[in-house]
Amino acid sequence: MKKFKITAAAFFAAVLMMASGCSKEKEEMTAPSGITDQVEAGSMTVSEDKSETEGASIGDSSEVSITEATGGDAEPATHAADGTVEGTTDSAGVDVSIIMVGDLLMHDNVSASGYMPDGTVNYDHIFAHVKDDVQAADVAVINNEVIYGGDDRGYQNYPMFNVVTPLGDAVVDAGFDVVLHASNHVLDQGTSGVENCLDFWNNKHPETAVLGIHESSEDAAEIYVYEKDGFKIAMKTLDIARTWCGIVAVGLAQRAIDEAASYVRTRVQFGKPLGRNEVIQFKLADMQMATEAARQLCAYSLTLMDRGEDYTVASATAKCKAGDAAMYCTTEAVQILGGYGFSRDYPVEKLMRDAKIFQLFEGTNEIQRLVVGRSVVGKC
């Protein structure tokens, strides 16, 4: 009896795995020679008690678009919402789109529609209404409910589904990159059906990523990474993270202002509090203006994110300004406290050490200036 790894892969879990290589907890089950009364696979249940209705169930496609910074000289394509492809510059960014279609569940009338008068089998017409969107997407995923258990078995209807491999050819021709096979029909044709399905994908379409069924437990334990447009997706994480870094840097700068202001209110020199000296007030004013400017830039970047608009340049601007503000304010806070600022008796020395990282990680501030500068100059 051969063991298979059957995973209850949800769409977003699959997309995350292929995009970033993140692993998902999987549970192991033993595929029996026939169909069992009930087999639990992860959070899904395979049971003889099914209640599908007649007809094919092929859901509408849904698309998620995010704006991507290229950070290079290439001129990638922007996929518009209607599926068209438009050119763009590196400073404007590029859309990264993910399309998910499901469920592909074949019943008699739809299965029979693929058999042509000349004896050939072709299912391209099933995906005609979504093919343009699928091919325009950067990554396209389909939830294949039924198993390719073997062409010699023909197509079989409820309750023991089977489809012939020309359907898989149509899936690939439509432009799908990832096929999910974890469903309550995966064992409809027993272990031999799973083996035949794996043979079809491995031998006929090895370029297609198949999730949910594997040759062995060892194979299933491996983290499957589907590589496509990885640089753009990685850069997208930087775009998002840069704003978050800016927000933290703003908080750090504000803490430095608060500590310095608290000190000058109580520190008395030459018969009056330090805070009454204009030089000190000017320093605190410059610190406050730099911090407030960074705060508003971060808020603007977040607003663009919420609106679904391009925020690549806004995020770089916010991160750069906030990082510089944090370094400036903490340095000035140390200066205001004088010798005490250098002492661990006061927190400003640590704030100054902590601030430096915000000019370095998630892209140095020199890189942020390149991003902003290129957006101003344009493509030369």
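## Salt bridges and a surface patch in a predicted model

At 23% relative accessibility, E259 counts as partly exposed, because that class lies between buried (under 20% relative accessible area) and exposed (over 50%), with a 1.4 Å probe and protein chains only. This is a predicted model, in which local features need pLDDT of at least 70 and side-chain atom pairs count only at pLDDT 80 or more, while totals for chains, interfaces and linings use all residues. Residues are numbered from 1 along each chain as its sequence is written, and side-chain values use heavy atoms, with hydrogens and water left out.

**Confidence.** The chain has a mean pLDDT of 78; pLDDT is the predictor's confidence in each residue, from 0 to 100. A value of 70 or more is reached by 72% of the residues. Over residues 1-94 the pLDDT is below 50. Beyond near neighbours in sequence, that stretch has 246 contacts in the model, a contact being heavy atoms within 4.5 Å.

**Salt bridges.** The whole structure holds 9 salt bridges. Each is a side-chain nitrogen of Lys or Arg within 4 Å of a carboxyl oxygen of Asp or Glu.

| Pair | N to O distance | Helix |
|---|---|---|
| R255 and E259 | 2.8 Å | α7 (residues 230-266) |
| E292 and R295 | 2.5 Å | α8 |

Helices are DSSP runs (H or I, at least four residues), numbered from the N terminus. E259 pairs with R255. These two residues are 4 apart in helix α7, about one turn. R255 is also partly exposed, at 39%.

E332 is buried, at 12% relative accessible area, whereas K283 is partly exposed at 23%.

E292 and R295 sit 3 residues apart in helix α8, about one turn. Both are partly exposed: E292 at 30% and R295 at 27%.

**Surface patch.** I357, L360 and F361 form a nonpolar patch on the surface. Patch members have over 30% relative accessible area and no salt bridge; nonpolar side chains (Val, Leu, Ile, Met, Phe, Trp, Tyr) are joined within 5 Å, like charges within 9 Å. Together the three residues have about 230 Å² of accessible area, from the Shrake-Rupley method with a 1.4 Å probe, where only the protein chains shown count as cover for residues. F361 lies in the loop between α11 (348-355) and α12 (365-377). F361 is partly exposed, at 32%.
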